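Have a look at the sequence and the fold, then read on.

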Amino acid sequence: MKYLAEFRNGEIAQRLAAEIRRMTTRRWAIMEVCGGQTHAIIRNGIDQLLPPEIELIHGPGCPVCVTPLEVIDKALAIAARPDVIFCSFGDMLRVPGSRHDLFRVKSEGGDVRVVYSPLDAVAIARDNPHKQVVFFGIGFETTAPANAMAVVVAKRQGLKNFSMLVSHVLVPPAIEAIMNSPSNRVQAFLAAGHVCSVMGYWQYPPLAEKYRAPIVVTGFEPLDILEGIRRAVRQLEAGAAYVENAYPRAVTFEGNQPAQRMLAEVFEPTDRAWRGIGVIPNSGWRLRDAYRAFDAEARFDVADIRAQEPPICRSGDVLQGKIKPIECPAFGNPCTPRTPLGATMVSSEGACAAYYNYGRFARAG
């Protein structure tokens with residue numbers, strides 16, 4: 001299949017769903033890691049094509065959702081400074097901090113700018129030598145290489161007024177944390193295809209073997225997801241646990257090695273907090289010593305800012321697959337995309353936003 005429409009073919013989708021129904025003999029819980037996959041599942045009604053024995057659990061793979069509240073508060077503190085131009089991708093501007101968001105800072109006179117590339121922020125720094133320019137560097141392995149390149153370019157250009165607020169996280173340690181949880185129900189994973197397009201999937205075979213859990217690298221179109229589920233169920237029914245690549249048009253075993261070298265040049269692993277989940281060992285990146293001068297957290301002395309999640313919001317349980325969004329008492333009222341309490345409702349990849357935007361209002365039970 002060469003064209004996008006072919007990956008949305010309804011007849012093929014029905015055949016794949018029928019094959020999944022035929023091979024399913026018992027209950028299975030499969031986690032789609034990425035929020036983009038969650039939106040595709042809900043938007044296309046893929047979960048409703050599956051037999052009732054197959055439960056799809058929504059994973060923590062939304063970069064906006066897992067950025068900790070205290071990092072948002074640090075961004076707000078930096079962005080409010082009169083000597084700062086704060087640059088971010090647009091999806092971070094409405095994510096609530098403890099008291100408000102970046103839009104509020106902007107409305108109150110802060111110089112907050114939406115950029116489409118971290119290199120745009122480097123150019124702004126070059127054009128505004130009397131201002132400190134800070135880029136909000138969040139996300140998974142997918143966005144990290146471009147952010148790393150921005151730091152390298154800033155260093156090569158000798159920019160002293162550019163820095164990055166880094167909050168990058170990694171998928172494999174999150175899978176380990178989910179599988180090690182005493183409340184874990186996940187039996188197989190659909191790995192995020194775009195992350196694997198950068199990192200490959202060479203990190204996954206030890207995880208599949210250690211936890212006896214199939215891992216299927218999966219894309220984002222309806223047929224991609226159904227094929228990923230079909231392969232996962234086939235392994236589960238056979239008692240197998242290995243890694244399959246169901247997204248070969250974008251993913252190789254080795255991944256994008258120049259991008260991986262760029263990451264290794266700029267970043268090193270560190271323990272990282274995930275919003276609503278807590279600290280996961282070695283689940284994030286920080287700037288290496290050679291690039292530490294570009295660390296906004298140190299430059300603006302915001303490392304000690306701490307925050308606490310609103311008790312009514314259960315986005316952390318949603319991110320860990322413990323509950324569905326509609327099981328949160330705040331879902332739909334008072335928490336909506338216009339009045340979000342948690343990042344899972346405001347993010348374009350958030351599970352709560354998917355359920356709200358595609359009309360899944362019925363509460364369980």
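Helix α9 (residues 171–180) is mostly covered, with seven of its ten residues buried. Buried here means under 20% relative accessible area, exposed means over 50%, and partly exposed lies in between, using a 1.4 Å probe and protein chains only. The buried residues of α9 are Val171, Pro172, Pro173, Ala174, Ile175, Ile178 and Met179. Helices (H or I, at least four residues) and strands (E, at least two) are DSSP runs, numbered from the N terminus.

Before going further, a word on the model: it is predicted, so local features need pLDDT of at least 70 and side-chain atom pairs count only at pLDDT 80 or more, while totals for chains, interfaces and linings use all residues. Residues are numbered from 1 along each chain as its sequence is written, and side-chain values use heavy atoms, with hydrogens and water left out.

Helix α5 (residues 69–79) is also mostly covered: nine of its eleven residues are buried. Among them are Leu69, Val71 and Ile72, along with Asp73 and Lys74. The cover over the buried residues of α5 includes strands β3 (84–88), β4 (111–114), β5 (132–139) and β6 (162–169), as well as helices α6 (102–107) and α14 (296–299).

**The whole protein**

The protein has 17 helices and eleven strands. Its radius of gyration is 21 Å, close to the 21 Å that the globule rule gives for 365 residues, so the protein is as compact as a globular protein of that length. That radius is taken over C-alpha atoms, and the rule is 2.2 Å times the number of residues to the power 0.38. Along its principal axes the C-alpha trace spans about 65 × 45 × 40 Å. Of the 365 residues, 56% count as buried. Among contacts (heavy atoms within 4.5 Å) with a separation of 6 or more, 78% join residues 24 or more positions apart.

**Nonpolar cores**

A nonpolar core is a set of buried Ala, Val, Leu, Ile, Met, Phe, Trp, Tyr and Cys residues joined through side-chain atoms within 4.5 Å. The largest one has 92 residues, and Phe86, Phe136, Phe162, Phe189, Tyr204, Val266 and Phe267 have the most contacts inside it. Helix α8 (residues 144–156) gives the largest share of this core, seven residues. Apart from it lies another core, of 36 residues, including Val216, Ile229, Ala351 and Ala354.

What does Phe267 touch, leaving aside residues up to four places away in sequence? Its partners are Ala144, Ala148, Val166, His168, Trp285, Arg286, Leu287 and Arg288.

**Backbone details**

Most residues other than glycine have a negative phi, and most peptide bonds are trans.

The peptide bond from Asn333 to Pro334 is cis, with omega near 10°. Pro334 lies in the loop between α15 (315–319) and α16 (343–346).

Finally, Lys210 lies in helix α11 (residues 205–211). With a relative accessible area of 56%, Lys210 is exposed. Its C-alpha atom is separated by 9.3 Å from that of Ala241, 31 residues apart along the chain.
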